[in-house]
Structures are given as C-alpha cells and as structure tokens.
Amino acid sequence: MTAYAEAVSGIRPKMRRAIIMVQDLVMVLVSVALSLTLSQSRLSFDAFSYGGLACWAIIVLTAHLLFRFSGLYSTVWRFASTPDFFNILKGCGSLTVVLYLAAVTFRSFYQPVSGLNERQFIVFFLVSFTIISAPRLYYRFLRDGASWRILRRAPGDAPIKQALFIGRLSEADVIVRFTRTAVPAEYAIAGIMATEAAAPLGAQIQGVPVVALRPRLVEVLEDYVKGTENLDLLIFGNGAEREIEDYAELVRVARHSGIAVVQFSGLSELGQGGKLVLDAVEMETIMRRSAVATDTARIGTFVGGKRVLVTGGAGSIGRVLVKRSLELGAEAVLVADNSEFGIFQLDQMIDEKDRGRLTSRIVDVTDRPNMMRLVSEFKPSIIFHAAALKHVPLLEENWEAAIETNVFGTLACAEVAAECGVPQFLLISSDKAVDPTSVLGATKRAAEQIVSSLHETQAAAPLFHAGGLNGHHAGVPDLRHSGTKFIAVRFGNVFGSNGSVATIFQAQIEAGGPVTITDRRMTRYFMTVAEAVDLVIMSAADAEQRQGNDDYAIYMLDMGKPVPILEVAETMIRMAGKSPYTDIPIRFTGIRPGEKLHETLHGENEEVVKLDTAKIFGLRSDVVEWPRIEGAVPALVAAMHERDKAAALAILAGLYRAQESAGGAPGQALPKTAGQIG
C-alpha cells in the first residue's frame, strides 16, 4: 500500500485524478460484491450476462456522476479532513438511495428480483463508505506520520532537527501538522510547552506531548536541555514575546545551550505543500515593545497605485520604506542615494517580482539640478526624504558635511518638490531635534523648520507660488490648490539600523567584548524599523486628509517608554548565551560630545495633540517665517566657507529659537497660533 501511495503521489495531477476516479469506481463494484457476500444474499440473474453487465455499467456511471457532484474530486488527499469525509458520506449515501429506488422501481414495474432488500443496501452503504475512505485516510497518515519521512528519506539526507514548541495549543496543532508534511522534512516537534495555564499537562497534540505549562517554562526548559543532546531548535509561537514574562530568559537558556531560536509568524506556499515561516528572534523582539495594530488597508489605499520617491533609499529606514511601498502596491518606486554599495544591497533584498517597479539612481540630494531632473521625469506622488547623516559624535567633527546633507539637502529636495508640484513631501526627523545639544540635533531641527515653514506658508499665503522660493516665476498656480503638502515625522532610535547600539553591541559581543556604554544612566527610545515605517506612511495618509487649523506640519510617533542602554546590553549578552560582566565585560566610557543622557520627543514649547490614529500625535509650536530661513542661508554658507563652527551653530539656533531683535534677525519666529506648527 505504501509503494502504491508513493507511486501515485509522483504522477502528474490530471493523471493522478483519473487513477483515483477509476479506483473509486472499482471500490463501488467491490462494495456490491461484499455487501451481497456479507448479507449472504444471491442475485436471481447472472452477473456476467448482458443484462448483468449493463447493470454494472449503469451503477458505475451513476456512482461517477454522484461522486463528482458531491465534490469528491476537488480535494487534495494530502490535506483530507472532516469536510472531505463528509463529501464521501454524502456521495455514498446518495448512491445507496439512488440504487435502492432504482431496484424498487425495477422490481415493481418490470421484473421481480430476489435477493435484494433493505438489509443489502444498508450493508452496501457501510462497506462503500469504508473502503472509499480508507485509501484517503491511509495516505494522509503516511504523509503526516513518521512512516512517510522514513519512506522518502535517502541514505544521504540530512538528519531531521528536533524542536520544542512554546506557545498556544492551537498553533502547536498547526505547526506539528506542517512540520510533518514538509518535503523534505526539516523539523520534528518533540514536545510542546503550552502558554495556556489551563492546558492539560501530559496530553498529546497529534501524538506530541505537552511537556510544560506556565509558569514553569524556564525550569522545564533547563531540565530538558540538560537531559538531552538531541534538541536543535526552540520555536516560539506568534506573539509569544508579549505573552510570556520569561521570554528573554527562555531565549538565553536555549542559546546558552547551543539551541537555535526562531519564531513562528505564519504559513506560506500552502497550495504547494504548506511551509512554516520561521523568523530569527532579534533584539527588537526581546525588548517586547507593545504591538501596534497597523491599519494595512489604510496605508495600502494611500500608497497603492502611487509613484514613490525615497531619498536615502539605500539606508536603514529608506530601504524598508522602499520594500513596504512595493508590498503595498506602489505603481513605481524611485531610490535616490549616493551609496553605490547600499543600492546594490537594496537590489539584492527586493523580490524578483517587484524589481520591474523599482528604479535606483546614484545621486546626492544636495545636487539640485540632478534632483530636479529626476523628479521632473519620475513625477512622484510623494517624496519620503530619509537621506541624512546621523552619527552624533562623528558629526561633531564633520559639521560641514552634516549641514550640507541635513540642511541644504532637505532645502534642495523641498524646493524641487514644490517647483515640480509633488503632492506630498515627508521628512524623516529625529528626537535629536528636540532642544538640540549636538550638530546632528541642530541640523535636524533646522530641517524640521524648513519643512514647517513651507507647510505654514503654503497654507496661509495665497500669493506664494510653486517655483517662487526665490521670489521669481510669476504666474504659477496658487499652492493652496496645487502645491506640495510638507510634513515631518519625528521619532527615536530604530533597532538594527546602521550604527545603532544594537548593531554595535552585537559586533562587540561576537568579538568577545568588552561592550562599551557611555553612561550607565543613559536611556533611549526604541522602535522596530517595520513599526516606524508603517507609522510614517500612516502619518502621510493622515496628513493628506487634513486642512486648516486641523493641519499639522510635524507628527510625532509614540515610542513607548525609554529603555536603559545598560539593560539593552545586558539582555543582548544573555541572548548570546553569555553572562554580563563575567563572560562579556561591560565598560563605561563617558558621554561623548553632543550626547544627552536622556532624549525627549517634544520640547516644552510644543503642544502634543492626540489624534484618532493610534501611536501618532500632532505637534504645535512656533514656526519661523520663510523669508527668515531664506535670509539665514547665505550667512550659513559664509560660516561654512570660513570654517566657523560656532557661527554656523548660532545661525542654526536662530532657525528654531525666537529672537528678541525687532530688526528681523534670521531666526525671528511667528507667534504661536492654533493652526501653526513647528
């Protein structure tokens, strides 16, 4: 039987279906013979006469039509389940009733037939249902059970990894089933550690025992890894990091014992045989930030069908913006970045099916003519301006580069967006822009003010025209009706981004330490890059619908509570299976130039407005008039030419601090109003 099942599984689908149909019809004829034999009945006519053969042909034809009508051949045997056996029940039942009515009719009106009564038809129904169901049930058993893996396994095949699953029993049922159906087999679930406290300890899910319950998960896992050398993998259920208090400790115990840790996130290629999607457990998962329920429908509607330009698209946030835009159905995505290697890496990350909608250009965002050419030709619906330099200590020494990219790059891209009539321009900002103490913070704050001033000017000044940032080009349509909507989105650190503490700590741990921290009291806000990108897109979607006093130039993301950097380092060391201070030393180096102990997401003069959209806030504060920003640009260029860092920082400070000078210093601010934001 196993050889037959294996042979049938290797045949093409249409041929396999035909063989199954013939098999079922043979089973019907066998059922007739068995029902007569079991009920000890004899027919009054010759079974092999012309009349008898015609009778069998009619039975076969009737059975085939009824089985097709019952949906018997729309099922893949490998995934046969309760509804499929109900179809068999329905087909056999209807066939029995039709044959019985035909026999009664024939016996009453045409010719008496002895040996047929209700008893034979009841036996026929039971026998036909049993022998038609049996091959399907046995095939499912072979594919799900260990016998199929043994049958399929060649001598040179890699050994199957033994795994423990930690999560809900409903997920355990899915995972056990699909690990068994995988071809080639990769994993075998040896035990289930249930997160439901009421789960029955010792019970079995498809033959796999429940070996532990909360709150003894860590204790049992420690005993388990000590008592066996065959455990290779620990699989967490979806969302386990939010449900299990000892999640980080479970990861530590597993990794300390050399056991790989992954997390179940769904299924893929179900029609091809069903595969589990198992993601590596990263630091951002360990930190267990509260989950954000992304309104995928809303951001999909916003991005779908649009042309999207991402400056800095090869960077940490930019490349996720690119991938997410493609996933959400953007018509086309253009990447503008000055990193050749970064663009190459991005291209390797993009699925083959999406590459036709992606265009990459090596260009500096400060190169205004080139950016004008790109935007004019591509005609984007939205520009995500993610291009920036962002390393705090490094930019203290390279302050000219910071101003060139973060300030003048933003200014050039914003001017191009306005002159080309791009519907929306979104600046990726930073919590470093709040009460800045670093060059990075000062340049990002200035970039915010450029965006805020353009936003406010277009909303309030009917005579401001596209292409008129320098006071020229009369006769261009009023921006209140055809201009760009400028907004900025401010948030904190992103896990895993280039140069983030997570990547630095990981490299230091792999090198054996020490892990360096500037100050044990230092805290930071953290967010996963996927979460940040979805909320950035959500902010853009929200801004598109707002007008007048309900409009915001700056959005702020809810970053949750600040996390001590020391806690991040200690957790990452434990995740690596090491002990902080013992296996991996931690060294405190002192605060570097421009750094703060604690970051904030808004200043004292900024009003935080809660919006209907979860995890997003609007900000209201002073806005610098656009002419004052225009007046500050030549002075900033002169300070850079003279390499006068103090003068340059003073000019940047004037772009966000209200001046008392009545003479109209470059930093003079507009008074705060309900509709003004900055």
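In which helix is the place of T405? T405 is found in helix α17, which covers residues 399–419, where helices are DSSP runs of H or I with at least four residues, strands are runs of E with at least two, and both are numbered from the N terminus. The model is a predicted one, in which local features need a pLDDT of at least 70 and side-chain atom pairs count only at pLDDT 80 or more, while totals for chains, interfaces and linings use all residues. Residues are numbered from 1 along each chain as its sequence is written, and side-chain values use heavy atoms, with hydrogens and water left out.

With a relative accessibility of 18%, T405 counts as buried, a word that stands for under 20% relative accessible area, as against exposed for over 50% and partly exposed for what lies in between, with a 1.4 Å probe and protein chains only. If neighbours within four places in sequence are set aside, T405 touches T366, A388, L389 and T410, contact being defined as heavy atoms within 4.5 Å.

Leaving out neighbours within four places in sequence, the contacts of S430 are K444, E448, R490 and F491. Of these, K444 is 14 residues from S430 in sequence, and the two are 6.8 Å apart in space, C-alpha to C-alpha.

We can now turn to helix α20. The buried residues of α20 are V501, A502, F505, Q508 and I509. Seen down the axis of α20, these buried residues fall within an arc of 130°, so they line one face of the helix; the arc is that of the directions from the helix axis to the C-beta atoms. Their cover includes β15 (515–517), β17 (526–527) and α22. Just after α20, G512 has a positive phi of about 90°.

How do α20 and α22 meet, and at what angle do they pack? Helix α20 (residues 501–510) and helix α22 (residues 565–575) pack at about 45°, and their axes are 10 Å apart; the axes are lines fitted to C-alpha atoms over the stretch in contact, and angles run from 0 to 180 degrees between N-to-C directions. The two helices are therefore oblique to each other, since angles under 35 degrees count as roughly parallel, over 145 as roughly antiparallel, 65 to 115 as roughly perpendicular and the rest as oblique. From α20, the contact is made by V501, A502, F505, Q506 and I509, and from α22 by I565, V568, A569, M572 and I573.
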